Amino acid sequence: MELFHRFKLHTLAVATLLLMCSNSWAANPNQQTEDEWKFTLKNAYINRDFDNDALKDTGSWSQAASLFYKSKMHDTPLQIADKPITIGADASVQYAVRLSSDKHVADTVLPFNKETQSQASDYLKYGATLKLGYDKTLLSVGELWLDLPVTAVDASRQLLTSYWGTNLKSQLSDQLYAEIGRVEKVSPRNEEDFKKFSFTSNGVTKESDGLNYIDLRYQFTPSLKGEYYFGNLEDLYNKHYVGLEHTWKQPTFALISKFKYFNAKDDGNTFDIDAQNIGLLETVKVKNHTFGLGYQQIIGESAYPLPDGFLPETYFINWNATGFFKEDEKSYHVMYGYDFKDYVPGLNAMVKYVYGHDFKAANGEKNHETESNVILNYAFQQPLLKGFALQYIRIDYNVKHGNDFGEDRLFVNYTKKF
């Protein structure tokens, strides 16, 4: 724990040092050279139908309108080694209104009031970010959009998940990228406000004052890259992640191999957490075809922990609608995708099947589960409809001891950048 506290206390000092030393590094990929506005519309219909008549079906139909702004970086009078410190600001406003009647059940899409057992009729999320740059380094304070273990941006429902804190990104060399940060709060996909991270196990919930993390990515060769991540959710648990990705390109096909290892361990305060996740994925792309075969195994004395708020662990090999991260669970998945660009430009489809076993149900019996997905995407190519896109997802889940369900998701999206 002493190491973690030192990491928290010295984050600002390290950020300052990186800023001052960045004059020898490669071009900064984080520099925003032009102002960018992005306007989005999203119509989302989601319905989960449980086979068990005693369970209420969940879901809703909603319409969102969102606006995202990214400013270019402006020079300031302050300079270090004849290079200016730059400044910029980002902002976001997201709003959604429910179009369906209130089902009086939590659907993980809209905010839900447990006391009145009612879905919100609408909800609003907003945030802003101050950016300071120097050469190849960018420091951001405020609302953060992160694509990392623990803190992914979830676009699978309606409004997007975002985070509040401070992070610093830098391209240390042509091969090495580094990011450090402290995330104090999260605004989940189905809530308006930013709140503290929390974790619940066996009916006990405890909050964290923040997540301290470091992420390092290294390009070993043009075809091999690696990533290491460490995150400390204060008073909850620590997470390590190591990933390797190799791409073998040939004239007629490409083979992408991924290895992922996660390790989660409690800090000895409240919870008993000890879980590892090992995953392998092989993907072959041949012309318009994509084939994938994956394996994931949970090892340890607990299920793999996820923070409250429906925060997905999209880094997992087998991240699905239900997740395959129960204690001792082994899961296999096979997928096939096809791009119809030669026949219907803008249309692609994917089917995926996952089988998980060797975990136990709540009553202690051996259990197994399956999930199948069908995903269809179409982006309109006609000039008058440019920016419109459709997505349909069908999910079928079956479990030996538990509740089966079928789920439909239909999204109509519009994006305009200016």
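Modeller: Gladly. Let's start with Ser62, which is placed in strand β2; please keep in mind that this is a predicted model.

Colleague: Why is Ser62 called buried?

Modeller: Its relative accessible area is 0%, and buried means under 20%, so Ser62 is buried.

Colleague: What makes the pair of Ser62 and Gln158 a polar contact?

Modeller: The two side chains meet at 2.8 Å. The cut-off for such a pair of N or O atoms is 3.5 Å, with one able to donate a hydrogen and the other to accept it, so the label polar contact applies to Ser62 and Gln158.

Colleague: Thanks! Strand β2 spans 58–70. What does β2 give to the lining of the second largest pocket?

Modeller: Six residues, which is the most that any element gives to that lining. Other strands that supply at least two residues include β1 (36–50) and β23 (405–417). The pocket holds about 820 Å³ of space. It is lined by 35 residues, and the closest to its centre are Lys38, Phe68, Lys70, Trp145 and Leu160. By type, the lining divides into 14 nonpolar, 12 polar and nine charged residues.

Colleague: How do you know that Lys38 lies over the face of Phe68?

Modeller: Lys38 is 5.4 Å from the ring centre. The distance limit is 6 Å, and the charge must also be within 35 degrees of the ring normal, so Lys38 counts as lying over the ring of Phe68.

Colleague: Now for rings with rings. How many aromatic pairs does a search of the whole structure find?

Modeller: There are 25. One of them joins Tyr163 and Phe197.

Colleague: Why is the pair of Tyr163 and Phe197 called stacked?

Modeller: The ring centres are 6.4 Å apart, and the limit for a pair is 6.5 Å. The planes meet at 15°, and under 30 degrees counts as stacked, so that is the name for this pair.

Colleague: What does this pair tie together?

Modeller: Tyr163 lies in strand β9 and Phe197 in the loop between β10 and β11, so the pair links parts that are 34 residues apart in sequence. Tyr163 is buried, with a relative accessible area of 0%, and Phe197 is buried as well, at 1%.

Colleague: Which residues do ring pairs link into a cluster?

Modeller: Tyr241, Phe262, Tyr304, Tyr315, Phe316, Trp319 and Phe325.

Definitions and conventions: Residues numbered from 1 in each chain as written. Predicted model: local features only at pLDDT ≥ 70, side-chain atom pairs only at ≥ 80, totals over all residues. Heavy atoms only, no water. 1 Å grid on protein atoms, 1.4 Å probe; cavity = no way out; pocket = protein on both sides within 12 Å on 5 of 7 lines; lining within 4 Å. Points joined across faces, edges and corners; volume = space filled by probe spheres on them. Helix = DSSP H or I, 4+ residues; strand = E, 2+ residues; numbered from the N terminus. Nonpolar A, V, L, I, M, F, W, Y, C, P; charged D, E, K, R; others polar. Phe/Tyr/Trp six-rings, centres within 6.5 Å; stacked < 30°, edge-to-face > 60°. Buried < 20%, exposed > 50% of the residue type's maximum accessible area, 1.4 Å probe, protein only.
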